[in-house]
Amino acid sequence: MVIDSHCHLHDPAFADLKETLRLSMAHDVWGAIAVGCDPETNAQTLEAAAAAPKAVWACLGFHPDRTDLTEDDLERVEAQIAAHHSRIVGIGEIGLPWYSLDGAPDPGALKTRGRARLDRLLDLAIRWNLPVALHAPHGAAADALAALKHHGVERAVFHWHKAPTAVTRAIVDAGYLVSVTPDLVSRDRDRDLVTGVPLDALLVESDGPWEYGGEFEGIDSGPWLASRVAEEVAKLKGLPIEDVMYQLSSNTCRLFDLMWA
Ligand SMILES: [Zn+2]
């Protein structure tokens, strides 16, 4: 059994939460860390966790690549975190903009605004002693690492991690985790990442409802894909699947401070 460490259960694709969890369980996935992106999806994420407290753990977030989000939205998210800090397991997804910089009229200003917003959210992670689930792909990863260190955040995962090898090494050396998606099955970049990172620094995720190609073409995305990712980690590490699932689950529990079921 394994836990999906990052899924958007607020998405309409998972409107039937019971069926989502039943299907996940049938695939050896016994729960999911549910992340939000803005005030509305955070509220839906809290509802999902309240409806299934033994299988859904909520993180409240503010998506860094959503250019439509305003200062008012950020204040609402900060208020949500303050109000619910004792019943959430983390802050996420938060991070730094990357994809939205491409083609933006003033990427420098977006970067500066993104860092200021991340600073405010990391302050809350420190205040409430919560881990963070980061969206900081490619060129954003090194800056996010610097921000974590600057704020003294001790628990963090770089979700759907992709970064230069040296940056990944610095992330792992600092005690943070990195997470891989079903892309691991077909993408050499992700396979090299898993080979180079110790098992105790890895998490697996679906990032559902994000859809994947290759063997996942035409298959609905959701937490149930996390066990397939774990299976691929086991192959790459040359270890028994049961041991790898145990270690990945234990990593997730350690990061988000979950009780063992
Ligand atoms: Zn996500």
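Start with Cys 253: at 5% relative accessibility it counts as buried, the label for anything under 20% relative accessible area, with exposed meaning over 50% and partly exposed the range in between (1.4 Å probe, protein chains only). The model is a predicted one, with local features needing pLDDT of at least 70 and side-chain atom pairs counting only at pLDDT 80 or more, while totals for chains, interfaces and linings use all residues. Residues are numbered from 1 along each chain as its sequence is written, and side-chain values use heavy atoms, leaving out hydrogens and water.

Back to the cysteines. The sulfur of Cys 253 has its closest cysteine sulfur in Cys 59, 13 Å off, which is too far for a bond. Cys 7 is buried as well, with a relative accessible area of 0%, and its sulfur sits 11 Å from the closest cysteine sulfur, that of Cys 37, again too far for a bond. With a disulfide taken as a pair of cysteine sulfur atoms within 2.5 Å, the count comes to 0.

His 6 (NE2), His 8 (NE2), Glu 93 (OE) and Asp 207 (OD) are the protein donors, lying 2.1 to 2.3 Å from the ion; donors are N, O and S atoms within 2.8 Å of the metal (3.2 Å for Na, K and Ca), and sites may look incomplete as water is not among the atoms. Along the chain the donors follow the spacing H-x1-H-x84-E-x113-D. Both histidines, His 6 and His 8, are buried. The 4 donor atoms subtend angles of 85 to 174 degrees, so the arrangement is irregular: tetrahedral would require all angles between 85 and 135 degrees, and square planar (four donors) or octahedral (six) would require opposite donors over 155 degrees apart and all others between 65 and 115.

Strand β3 (residues 56-60) is largely enclosed by the rest of the structure, because 5 of its 5 residues are buried; strands (E, at least two residues) and helices (H or I, at least four) are DSSP runs numbered from the N terminus. Val 56, Ala 58 and Leu 60 point one way from β3, Trp 57 and Cys 59 the other. Strands pair if DSSP finds at least two bridges between them. β3 runs parallel to β2 (residues 29-35), joined by 4 bridges, with Ala 32 partnering Val 56. β3 also runs parallel to β4 (residues 90-95), through 2 bridges, and here Cys 59 partners Gly 90.
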